[in-house]
Amino acid sequence: IGSSIRAARVVPVSRLIPGLRRLVRTVSNDLGKDVSLQVLNELGTLDRDDFGRCQTILDHMVRNALDHGIECSDQRAAAGKAATGRVSIDIRKAGADAIITLADDGRGIDPEAMRESALKKGLDIEVDALSDADAQRLIFHKGFSTAAAVSQISGRGVGMDIVLSEIQQMGGDIQIESVVGRGTSFHIRIPSSVTV
């Protein structure tokens with residue numbers, strides 16, 4: 001009986017992908033950018049509740065990558081990059097955990113720009129004491145954005161702080177790897193929450 005209850009509670013991760021493909025098509029179109037979604041891996045299952053949360057998280061993160069991460073084609077050309085931007089998703093198991101890596105080959109998160117933005121916003125943070133990695137993590141600070149203008153695409157009042165809080169509510173965590181001018185990878189770890 002246990003295994004059939006469990007089966008009813010889980011959803012294949014691959015079901016996340018069609019929605020993300022549509023999102024990349026629609027949003028990149030709206031932004032006038034040429035972007036492809038690359039699916040490297042879509043293995044495993046997620047608990048039904050976690051699946052819903054992952055949909056919300058990935059939806060927001062993909063919008064964010066398309067809007068703020070990927071440059072428009074003339075900027076990409078100037079930087080010697082392919083005209084078509086790339087967003088990739090890789091979902092795999094590590095023990096009982098699901099590891100989701102969402103990456104883009106866009107402009108990266110500039111720690112210096114993050115520090116400046118934190119100063120401008122008057123955030124109560126010892127800006128100069130922040131390591132580059134900590135400065136990049138400011139992206140998860142409530143109300144934080146380095147975008148010059150809040151756009152309809154990723155702005156909609158949902159910041160990356162929501163992403164972090166959703167992940168933490170699942171008992172997971174998120175790490176950032178970013179190189180200015182080269183791109184950003186977010187590594188999300190979600191522990192298995194299926195208890196029969």
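Five strands make up an open sheet of mixed pairing, ordered E2-E4-E5-E7-E6; strands here are DSSP runs of E with at least two residues, helices are runs of H or I with at least four, both numbered from the N terminus, and two strands pair if DSSP finds at least two bridges between them. Strands E2 (35–42) and E6 (173–179) stand at the edges with a single partner strand each, so one side of each has no neighbour in the sheet. On average, neighbouring strands are turned by 15 degrees against each other, direction ignored. The model is a predicted one, in which local features need pLDDT of at least 70 and side-chain atom pairs count only at pLDDT 80 or more, while totals for chains, interfaces and linings use all residues. Residues are numbered from 1 along each chain as its sequence is written, and side-chain values use heavy atoms, with hydrogens and water left out.

Within the sheet, E5 (residues 97–104) and E7 (residues 183–190) pair in the antiparallel sense over seven bridges. Ala98 has Ile190 of E7 as its bridge partner. Helix H2 (residues 17–31) packs on the sheet, touching E2 and E4 (85–94), and its direction makes about 165 degrees with that of E2. Contact means heavy atoms within 4.5 Å; axes are lines fitted to C-alpha atoms, for helices over the stretch in contact, with angles from 0 to 180 degrees between N-to-C directions. Helix H3 (residues 48–69) lies across E2, E4, E5, E6 and E7 and runs at about 15 degrees to E5.

A search of the whole structure finds one cavity of 30 Å³ or more (a set of points on a 1 Å grid over the protein atoms alone where a 1.4 Å probe fits but cannot get out; lining residues have an atom within 4 Å of a point). Met61, Ala65, Leu102, Ala103, Asp104 and Phe186 line the largest cavity, and E5 gives the largest share of this lining, three residues.

Confidence is given as pLDDT, from 0 to 100 for each residue. The protein averages 88, and 87% of the residues score at least 70. Helix H1 (residues 2–9) is lowest, at a mean of 65, and E7 highest, at 97. Over residues 148–157 the pLDDT is below 50. Where pLDDT is low, the predicted coordinates should not be read in detail.

Conventions. On a 1 Å grid over the protein atoms alone, a cavity is a set of points where a 1.4 Å probe fits but cannot get out, and a pocket is an open set with protein on both sides within 12 Å along at least five of seven lines; lining residues have an atom within 4 Å of a point. Grid points are joined across faces, edges and corners, and a volume is the space filled by probe spheres set on the points. pLDDT is the predictor's confidence in each residue, from 0 to 100.
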